[in-house]
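Here are some exercises on how chains meet in a multi-chain model. Have the sequence and structure open, try each task, then compare with the worked solution.

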4 protein chains.
Amino acid sequence: MMEDISVVYNEGVAPEDRTAPVMIEGLPGIGHVGKLVAEHMIQELGAEKIAEVHSIFFPPQVIIGDGGVVRLCNNELYRYAGEKGSFLFLIGDFQSTSNEGHYLLSQEYVNIAHELGVQRIYTIGGYGVGHFIDTPRVIAAVNKPELSELVTNAGGVFGDGEPGGGIIGAAGLMLGLSAPLGIEGICLMGETSGYLVDPKSAALVLEVLTKLIGISIDPSNLNERAGEMEVAVQRLLEQEKKSEEELSYIG
Amino acid sequence: MMEDISVVYNEGVAPEDRTAPVMIEGLPGIGHVGKLVAEHMIQELGAEKIAEVHSIFFPPQVIIGDGGVVRLCNNELYRYAGEKGSFLFLIGDFQSTSNEGHYLLSQEYVNIAHELGVQRIYTIGGYGVGHFIDTPRVIAAVNKPELSELVTNAGGVFGDGEPGGGIIGAAGLMLGLSAPLGIEGICLMGETSGYLVDPKSAALVLEVLTKLIGISIDPSNLNERAGEMEVAVQRLLEQEKKSEEELSYIG
Amino acid sequence: MMEDISVVYNEGVAPEDRTAPVMIEGLPGIGHVGKLVAEHMIQELGAEKIAEVHSIFFPPQVIIGDGGVVRLCNNELYRYAGEKGSFLFLIGDFQSTSNEGHYLLSQEYVNIAHELGVQRIYTIGGYGVGHFIDTPRVIAAVNKPELSELVTNAGGVFGDGEPGGGIIGAAGLMLGLSAPLGIEGICLMGETSGYLVDPKSAALVLEVLTKLIGISIDPSNLNERAGEMEVAVQRLLEQEKKSEEELSYIG
Amino acid sequence: MMEDISVVYNEGVAPEDRTAPVMIEGLPGIGHVGKLVAEHMIQELGAEKIAEVHSIFFPPQVIIGDGGVVRLCNNELYRYAGEKGSFLFLIGDFQSTSNEGHYLLSQEYVNIAHELGVQRIYTIGGYGVGHFIDTPRVIAAVNKPELSELVTNAGGVFGDGEPGGGIIGAAGLMLGLSAPLGIEGICLMGETSGYLVDPKSAALVLEVLTKLIGISIDPSNLNERAGEMEVAVQRLLEQEKKSEEELSYIG
């Protein structure tokens, strides 16, 4: 039998080279905000993959890569350790396909963090508001009240009970499940329409996150993609407006 | 791995300070009648939280509270022990997201009751009838025939096979699953439209329940909320009527 | 934790008073044909309940009976042992709510049969054809080729690959799962519209079944209900015809 | 309890007569391409059934065969060992009904392959493109980059990231799950409309596959069925065209 969840560390990495005090989670979600932030940081820092997670709770499929070479869908753990500090990054193809799987995977991630000496987890996501926003806010949530001030100072905002429906998936559960292990948890959610991949929202979250972890990361790539997306969105909106005007003309 | 269901008692509460002969269940359901009744009693009696239940069968999300502090969704056990007697209350954010989870959680609740010396469980719910009702009845069900008279004397009504579809979720299963453990079970369901949170129905259930357990609870808060809701419903109905009249005038 | 499936025998019945060479399954299904046949036989023979099956795979609800007394939904095992022979009957409120549960419950039923000395299982169901039928056939299936002749002699018919979609649920799975245990299996499916409970189809299945097991059962009750249903169906069809005529007149 | 997945080898076949270096998977899927190819090869080679797989993850039903004799739905392992070499074939009625089951079944198949000495697995499927194609390509995927050249030489094509959504079910997962066991995996997907069973696409896949495994298989039967299907499709398309012309005439 396949294990429900399996974590395999790269053999080349010694156990003492896996630890870090901070983990940043950027699994797929609304606007792919978390994914964009974490992947951008991995690229800019040159973080290296140290482990893969496979699970029967992921969609039952393989991903096709370069040259038609397949791999199981997975979540991956990256690590950067250098002059800017040590950071773990959790990214991946998918989150769980089932409710129960969400809990079991998130618990596994939190256990990994605990084993690797993590003292604070940042979970990154998008907060879908259903319309395009000029100046998205970075909504925050924490798993201990004393973390709020830090977040506010870095530019994060605590919405009045937002998001009202709670935080769904790993971004929320990792906060809730890490608290009993004594791990601090901060969730940063960039406001986003929810319709498109949103590098602009990601760039704003990156700004808050890097202030919080006390490093600087060049946001050029994200900003560039945000600029391209902005142009595409403007065209989309103009087209819609035009269609509406034509319709009202006919009517 | 996370346990499927975990029960954690507050460390400050000694095992002998957890027991009570009566448990009152008010988990979310139709019209939130059970939730309203149980939470009102907890507040009026000043009952204290003694345990939390977490489970992979709850929705995979966290709840955002004051100051953006998150917590896992859970069910909670409260206890009051004072001059009015000793009571346990089971309340919470959600019921199970899966059929199997409903059974496993309800069995856990009944096991807890058994361990804590409970001899009678009251489960509180709403009975959705699909229209607004001026004088809702309190429909009852029991897990032993000899309990019927008690309930009738307190103002509960046994419908002729109502609800026809049985009682779904914890309110029903806890009655069925407690019988083999020798625990008496009484379910009180306030009639309600099923469209809105219904404090009026909750106040009527409270009246029957307090007679049954032989204590008095000030219903002012519930009645006040019921009054406010009544005004809102009246406005809603008038608006609908008006719209219909306008339509028939046009037609 | 509640067991996924639990079988509890009535304490009053000694193990040697549970056995029988034949088991007849009549769980709910299309047209409730199986349920009607099995319950009619239980009533006419005066069979007695010897065991109850509970499971997390049943719907998460309780059934409300006389005087508002609830019970968990269950499946039940009845037994008749008298001058007409010994028979076990498997009836119940529901089948499984999940695919996996269908397999696990059916395997449990077949294991019970094996333990109780059953050498042949009859599973009874309806075969939904989507329109009302004047003379429904009794379509059969078997788990060993040598059983076919018996069935044909008793009036059962082997459709040409019917039902094309296979036999779903306990009626099918019990045949498939009993073969490896050396238990013979015969499935009898009364043709039925699939729209209504169908005592007429049940009466025809009863006729074939009683020939097969070599006993006679008074079908009056079933026939009476069939007659009543026939009248209701005729009225329904006439009403429909009338509506159509009126429509074509208007058109 | 029934095991979640059970593999039963035919008693008549000695363990040393079960092995082969190559396994070909042709479970049901898009256009039934895999099923057509594998079943054709089994028939032409006269391969023999050596094992059956049953599982609670298959649909909860039995299949009705000749003379109304039922059997559980299953997957089956066939083996050919002769002058053309030794091959295992995995075919069956269904794939898993649940996401988790897809993983657990595919892992089981890969474990079987490992135990039986398989060094390369070919998984065969269809690649649905949503329209009828005159000259379908055979899109390939591999689980090791060094296999690509072999496939290209045999006529397989590596799409530019096709299929974009990955490969779903056993055809994909067996490639992903066999890699860690050191088993080479090649997936061949015949382009097909996705609307109909497609023997033409299957014949083209067969051509590539037989080149890869270095044997020749008479494709006449497949080609004949492809010819018949071609005629049916042409009629379908002409009818559609005619209907459209009539409509535009009327309009």
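**Exercise 1.** In this predicted model, find the bridge partner of C:Ile167 in β4(D).

*Solution.* Start at C:Ile167 and look across to β4(D): the partner there is D:Val62. Now widen the view to the strands. Strand β10 of chain C, residues 167-168, is joined to β4(D) by two bridges, and the strands run antiparallel. Two bridges are enough to call the strands paired, because pairing requires at least two.

**Exercise 2.** Describe the side of chain D that touches chain C: which element gives the largest share?

*Solution.* Begin with the contact itself, which takes 17 residues from chain D and 24 residues from chain C. Next, list the elements of chain D that give two or more residues: β4 (61-64) and β5 (70-72). Of the elements, β4(D) has the largest share, with four residues. Finally, sort this side by class: 12 residues are nonpolar, four polar and one charged.

**Exercise 3.** Turn to chain A. Which residue of β10(D) stands opposite A:Val62?

*Solution.* Opposite A:Val62 you will find D:Ile167. The strands involved are β4 of chain A (residues 61-64) and β10(D), antiparallel and joined by two bridges.

**Exercise 4.** Work out what the side of chain D that touches chain A is made of.

*Solution.* Here 24 residues of chain D contact 17 residues of chain A. At least two residues each come from α2 (99-115), β9 (138-142), β10 (167-168) and α4 (170-178) of chain D. The most come from α2(D), which gives six. By class, this side holds 13 nonpolar residues, 10 polar and one charged.

Terms used: Residues numbered from 1 in each chain as written. Chains lettered and ligands numbered in written order. Predicted model: local features only at pLDDT ≥ 70, side-chain atom pairs only at ≥ 80, totals over all residues. Contact = placed C-beta atoms within 7 Å. Nonpolar A, V, L, I, M, F, W, Y, C, P; charged D, E, K, R; others polar.
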